[in-house]
Amino acid sequence: MSIATSLTADDLRILIRGYADALAAHRETINRLNVYPVPDGDTGTNMALTLASVVAELDGAEADLDSTCQAISHGSLMGARGNSGVILSQILRGLSAEFRSAAVINGATFATALDAAATAAYGAVMKPVEGTILTVVRVAAEGGRAAADAGSDLLGVLEAAHASGTDALARTPEMLQVLADAGVVDSGGTGLMLMFDVALNIVCGRPIPEAAEDPAGASAEFLDAF
């Protein structure tokens, strides 16, 4: 397939629907990683329900970019579930606000939108904690910004954001002791990275990771302590 250099309103709708499908498929994996702030195993469910609300809003919206972005913003706000859903809704609102004001969603626009998403995510939390989805979105945005500033196209920005976010996710146990104790990475950050996987699938055809049939989670020793 040819590599896309920009995203249309239709592409954005495909991205959101694909992300909703990916979260639904990986829901149990994400739930099993959920140990912070408490091991209640609902992060994947809450993120998936939040995206389901966005998709429902899209289904009733016009197909132009302005209406699409407005539906993403409103649907995520109204459908946010739990802490993870609230933070994710702010990420989506930050992205959609920048997309809505742009003439074209290219690499530079996506980098600016990621900056806005990270800022909105941190603003949604009274006391931000590193080692969570906040760290992952911030570092992904920093990677995307560096690539855009170096002249990268949309694919380059997404690849840089994905690589930076993946690295940040792998390092979350170094930042948050409870993750290290449980032997897992952050659940919300794991769910967020699926958005980049779907975006790269749209732009260059890269396969979206399949959900594990029997996903690993927090260690038995950790869970026995609760």
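Predicted model: local features only at pLDDT ≥ 70, side-chain atom pairs only at ≥ 80, totals over all residues.

Biologist: Which residues of α5 are buried?

Modeller: The buried ones are S84, G85, I87, L88, S89, I91, L92, G94, L95, S96 and F99. They pack against α1, α3, α4, α6, α7 and α11.

Biologist: Why is α7 called mostly covered?

Modeller: Twelve of its 17 residues are buried. Among them are I133, L134, V136, V137 and G143. The buried residues of α7 pack against α3, α5, α6, α8, α9 and α11. Just after the helix, G151 takes a positive phi of about 95 degrees.

Biologist: Why is T50 called buried?

Modeller: Buried means under 20% relative accessible area. T50 has 0%, so T50 counts as buried. This residue is found in helix α3. Leaving aside neighbours within four places in sequence, T50 is in contact with S76, G79, A80, R81 and G85.

Biologist: And what makes E62 exposed?

Modeller: For that label the relative accessible area has to be over 50%. E62 comes out at 57%, so E62 is exposed. It sits in the loop between α3 and α4. Not counting residues up to four places away in sequence, E62 touches R13, S67 and T68.

Biologist: Is A113 buried or exposed?

Modeller: A113 has a relative accessible area of 0%, and the cut-off is under 20%, so A113 is buried. Its place is in helix α6. Leaving aside neighbours within four places in sequence, A113 is in contact with G94, L95, E98 and F99. As for I87, that residue is 26 residues from A113 along the chain, and their C-alpha atoms are separated by 15 Å.

Biologist: How many disulfides are there?

Modeller: The count comes to zero. The rule asks for a pair of cysteine sulfur atoms within 2.5 Å.

Biologist: What about C69, buried or exposed?

Modeller: C69 has 1% relative accessibility, so C69 counts as buried.

Biologist: Then why is C204 called partly exposed?

Modeller: C204 has a relative accessible area of 23%. Under 20% would be buried and over 50% exposed, so 23% falls in between and C204 is partly exposed.

Biologist: Let's turn to empty space. How do you find it in the first place?

Modeller: Rolling a probe the size of a water molecule over the atoms shows where empty space is left.

Biologist: How many cavities of 30 Å³ or more does a search of the whole structure find?

Modeller: One. About 70 Å³ of space lies in the largest cavity.

Biologist: What makes that space a cavity rather than a pocket?

Modeller: In a cavity a 1.4 Å probe fits but cannot get out, whereas a pocket is open.

Biologist: Which residues line the largest cavity?

Modeller: They are L12, L15, I16, I72, L92, L95, S96, F99, F110 and M195. By class, that is nine nonpolar, one polar and no charged residues. α1 and α5 each supply at least two of the lining residues, and α5 gives the most, with four.

Biologist: And how much space lies in the largest pocket?

Modeller: About 430 Å³. Of the 22 residues that line the largest pocket, the closest to its centre are Y36, P37, N83, S84 and I87.

Biologist: Which classes of residue make up the lining of the largest pocket?

Modeller: There are ten nonpolar, eight polar and four charged residues.

Biologist: Which helix gives the most to the lining of the largest pocket?

Modeller: α5 again, with four residues. α3, α5, α7 and α11 each supply at least two.

Note on methods:
Residues numbered from 1 in each chain as written. Heavy atoms only, no water. 1 Å grid on protein atoms, 1.4 Å probe; cavity = no way out; pocket = protein on both sides within 12 Å on 5 of 7 lines; lining within 4 Å. Points joined across faces, edges and corners; volume = space filled by probe spheres on them. Nonpolar A, V, L, I, M, F, W, Y, C, P; charged D, E, K, R; others polar. Buried < 20%, exposed > 50% of the residue type's maximum accessible area, 1.4 Å probe, protein only. Contact = heavy atoms within 4.5 Å.
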